[in-house]
Amino acid sequence: MHEATVAEAILGLVLKSIPPETLLVKKINLVVGALSGIEKESLDLYFAELSKGGKAAGAELNFSIKPAKLVCTVCGKVNLFNGREKLQEKCLSCGGLNKLETEKLFYIDHVEVI
Ligand SMILES: [Zn+2]
């Protein structure tokens with residue numbers, strides 16, 4: 001995913017959704033799927049650049065990572081996969097093949113303003 005586009009979309013949505021009397025956006029809480037491929041560092045940079053001079057300038061982007069699920073196709077055992085560790089292709093209980101159930105999640109959970 002392109003972080004510049006994502007940063008722009010977040011900024012647009014946040015500015016549209018905050019009440020007019022808002023002085024500053026302090027924090028933007030995002031829910032991000034483990035496999036969404038969004039780099040926080042890169043998103044932070046773009047967001048800081050794009051939000052300059054506006055009500056969301058200096059707002060913190062808080063990532064809440066939602067793990068993907070690895071489901072065994074044989075016994076049905078579910079393991080969570082957070083995208084950082086090595087992907088287990090086989091079930092740890094029975095050795096069956098695991099299937100990755102991904103959600104390409106990415107949304108704004110809530111925004112904190114002052
Ligand atoms: Zn299994």
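K99 touches V71 and T73 when residues up to four places away in sequence are left out, a contact being a pair of C-beta atoms, placed from the backbone, that lie within 7 Å. K99 is found in strand β5, which covers residues 98–101. With 12 other C-beta atoms within 10 Å, K99 is exposed; the classes are buried at 20 or more such neighbours, exposed at 12 or fewer, and partly exposed in between, again with C-beta atoms placed from the backbone. K99 and E49 are separated by 50 residues in sequence and, C-alpha to C-alpha, by 39 Å in space.

The model is predicted; local features need pLDDT of at least 70 and side-chain atom pairs count only at pLDDT 80 or more, whereas totals for chains, interfaces and linings use all residues. Residues are numbered from 1 along each chain as its sequence is written.

The protein contains 2 helices and 6 strands, in the order α-β-α-β-β-β-β-β along the sequence. These elements are DSSP runs numbered from the N terminus, with helices (H or I) of at least four residues and strands (E) of at least two. The protein is more spread out than a compact globule, because its radius of gyration is 18 Å, well over the 13 Å that the globule rule gives for 114 residues. The radius is taken over C-alpha atoms, and the rule is 2.2 Å times the number of residues to the power 0.38. Along the principal axes, the C-alpha atoms fill a box of roughly 55 × 25 × 15 Å.

Of the 114 residues, 18% count as buried. Among contacts with a separation of 6 or more, 71% are between residues 24 or more positions apart.

Notes. Two residues are in contact if their C-beta atoms, placed from the backbone, lie within 7 Å.
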